[in-house]
Protein chains: 2
Amino acid sequence: MAAIDRTTVAAFPLFAGMPAADLDEMLREARSAHHPKNTAVFEQGEPADAFFVLVHGHVRASKATPDGQQIVVRYVSPGEIFGVAPAIALTHYPATATAVVDSVVLAWPSSAWPRFVAHHPTMATSALQTVGSRLQEAHTRVMEMTTEQVERRVAHALLRLAKQSGRKTAEGIEIDFPISRQDVAEMTGTTLHTVSRILSAWEQRGLVSGGRQRIALLDPHKLFGIAEGKDG
Amino acid sequence: MAAIDRTTVAAFPLFAGMPAADLDEMLREARSAHHPKNTAVFEQGEPADAFFVLVHGHVRASKATPDGQQIVVRYVSPGEIFGVAPAIALTHYPATATAVVDSVVLAWPSSAWPRFVAHHPTMATSALQTVGSRLQEAHTRVMEMTTEQVERRVAHALLRLAKQSGRKTAEGIEIDFPISRQDVAEMTGTTLHTVSRILSAWEQRGLVSGGRQRIALLDPHKLFGIAEGKDG
DNA sequence: GGCGCTCTTTGCGCCGGCGCAACTCCATCG
DNA sequence: CGATGGAGTTGCGCCGGCGCAAAGAGCGCC
């Protein structure tokens, strides 16, 4: 019983070019769920019995090492498919998905995936492209991690977040969901201490404006310079 | 004019379950090419006008930063598809593929991909799983890079190489293609100096045996211990 | 409205691993 | 068979950023 209207999701790339009737049919099979802020959509290691599309909100995908360290894999924006473990033949989720604000997701049982793909070959193509672009992202990240200084990595991460989920305000571009220094540290492979120091320094130079779980970019252009290693 | 026989490639996962006639048809469209040691199959930034399957040999996929630093993305083993840029909607190759030994590849023009997928939906599924597992690899690597010491990362890298392309010898498991300290450094995000120091130390402890572009694991079990942080 | 918790800031000291440089060792090629 | 250059080894010194610690600030909950 999805309370989600077709018009809400028709524009999502996954459903691009799908006839309205087919889309309605798919939505009928979907379960829609609300996840309050800071609750998990699924946890790393659980059986992968569903895949998801984010309708409203923001979801953080994170991965934990055996000894408990966390890294943030990515932030999911509305319209994106996530938890694609079933599509890539994983039986268990390789990461944890947590709603960072109140969020609404559509969920389909894993068993539906092969059937959907058979009926709508474009879904396979679309999924392939999504996973492909995430692979690109991941490789870019590996490159940054191995070749760039921490400060540049943090700049890159903030610019990427702003691009993906930035909201224009009077003073600049604010990241549209709560994000802590710890989160940024886990995205960039450093410690919250170092992130805090870097952001403090930038704040003094007027490049960013901080706050509790809040980051706004005041001077994206200068930040881009830092990200590219052309610091002044 | 592919000089490649069906039986050579029938076992490759990409073609799993494909009728012999269809496979023959696909092979007819393929161009087979020999790439001598240390020559490029394709270069980063070139238009992605083909995708490939490795038949014999070993191919290194590497990526360069704008300022010329290299990282090794992965080593391709026989039977694997690579250069999948066309399948994930990239117009240019994001990395360079270099034969590290004399190698034989099959190549299909990019334009063939959509047609193949339409005729053989299992190819899309297979490609999705391949890209998915590479995504997993990449995330694992990001995790290792951010949470593990250099020595552990090197141990992990060697174990992975041995698993993927190890050849049992009298003394242990030898990596089946020429690989330099520099290559290992570019896989693990460190410098060849550090890799050299680490391997020298291990050689003295009898864990590995080195040589010019040669690495053999004499005591994989102890190496695994190091990789997991349980060093003695 | 006040308490407590989480998030953040900042100081201090240390060290793993990088940068640099010099030297050795082989493999290949003419 | 000697020359050449790529690959590997190793010493030395430095420093970016982590670990630890402790205090300060803002938010949410009761």
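Predicted model: local features only at pLDDT ≥ 70, side-chain atom pairs only at ≥ 80, totals over all residues.

**Exercise 1.** Find what rotation superposes chain A on chain B, and work out how the copies meet.

*Solution.* Start with the superposition: a rotation of 180 degrees, with 0.0 Å of shift along its axis, brings chain A onto chain B with an RMSD of 0.0 Å. The two copies are thus related as by a two-fold rotation axis. Next, turn to the interface: 100% of the interface residues of chain A are also interface residues in chain B, so the copies meet through the same surface.

**Exercise 2.** Describe the protein surface near DNA strand C.

*Solution.* Begin with the residues: 20 of them surround DNA strand C, and the closest are A:Ser180, A:Ser196, A:Ser200, B:Thr190 and B:Thr194. Then assign helices: α6 and α7 of chain A, along with α5 and α7 of chain B, each supply at least two residues. The most come from α7(A), which gives six. Finally, sort by class: 12 residues are polar, five charged and three nonpolar.

**Exercise 3.** Decide whether helix α6 of chain B is largely enclosed or open, and find its packing partners.

*Solution.* First, list the buried residues of α6(B): B:Arg181, B:Asp183, B:Val184, B:Ala185, B:Glu186, B:Met187 and B:Thr188. That is seven of the eight residues in 181–188, so the helix is largely enclosed by the rest of the structure. Second, look for partners: these buried residues pack against β4, β5, α5 and α7 of chain B. Last, step just past the end of α6(B), where B:Gly189 adopts a positive phi of about 70 degrees.

Methods. Residues numbered from 1 in each chain as written. Chains lettered and ligands numbered in written order. Least-squares fit on C-alpha atoms with pLDDT ≥ 70 in both. Contact = placed C-beta atoms within 7 Å. Near = placed C-beta within 6 Å. Helix = DSSP H or I, 4+ residues; strand = E, 2+ residues; numbered from the N terminus. Nonpolar A, V, L, I, M, F, W, Y, C, P; charged D, E, K, R; others polar. Buried ≥ 20, exposed ≤ 12 C-beta atoms within 10 Å, placed from the backbone.
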